[in-house]
Amino acid sequence: MKYWLMKSEPDTFSIDDLKRKKREAWDGVRNYQARNFMRDDMRVGDGVFFYHSNCAEPGIAGIAEVASDAYPDPSQFDPKSKYFDAASSRDNPRWMLVDVKFVKKLGRVITLDELKSHPKIAEMTLLRKGNRLSVMPVDAAEWKYILGLE
């Protein structure tokens, strides 16, 4: 089993939205490294920290689980979508996604500032200077440590 952190802007799609929907396709990823994580490394059952980004209080808001193998992101083929990619084809899709399912909403958001204050997780990908990935790995020790902060 692997662990991940996936970022979403709460005014676009929040942990409450996932709770209501129960399962959702994680579409719109347009970064090759993030795409590769989903395509090559994610497996059904992997744990996901659901992270609220680009908001007043960024941080981990809940827990989800990878619920499908990777498959082509349909938005890349839709000319009306902001994620349309004219260079992608159905025979050779450029962008992939996975479905995620709701596990739980945390009792509180574990904020980015709080995460930064813990030396035991100082090397976490999220906390590295200049990191802007929307999908990133979390190692098992970091996962366990952060769950203990809740």
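Ser 14 sits in the loop that runs between strand E1 (3-8) and helix H1 (15-21), where helices (H or I, at least four residues) and strands (E, at least two) are DSSP runs, numbered from the N terminus. The model is predicted, so local features need pLDDT of at least 70 and side-chain atom pairs count only at pLDDT 80 or more, while totals for chains, interfaces and linings use all residues. Residues are numbered from 1 along each chain as its sequence is written, and side-chain values use heavy atoms, with hydrogens and water left out.

**Around Ser 14**
- Ser 14 is buried, with a relative accessible area of 8%, where buried means under 20% relative accessible area (1.4 Å probe, protein chains only).
- Leaving aside residues up to four places away in sequence, Ser 14 touches Glu 9, Phe 50 and His 52, contact meaning heavy atoms within 4.5 Å.

**Helix H2**
- The buried residues of helix H2 (residues 32-41) are Ala 34, Arg 35, Phe 37 and Met 38.
- Seen down the axis of H2, these buried residues fall within an arc of 155°, so they line one face of the helix; the arc is that of the directions from the helix axis to the C-beta atoms.
- An α-helix has 3.6 residues a turn, so residues three or four places apart point the same way.
- The cover over the buried residues of H2 includes E1, strand E6 (96-97) and strand E8 (135-138).

**The sheet**
- Six strands form an open sheet in the order E2-E7-E4-E3-E1-E8, with mixed pairing, and two strands pair if DSSP finds at least two bridges between them.
- Strand E2 (23-25) and E8 are the edge strands, each pairing on one side only.

Definitions and conventions. Buried means under 20% relative accessible area, exposed over 50%, partly exposed in between (1.4 Å probe, protein chains only).
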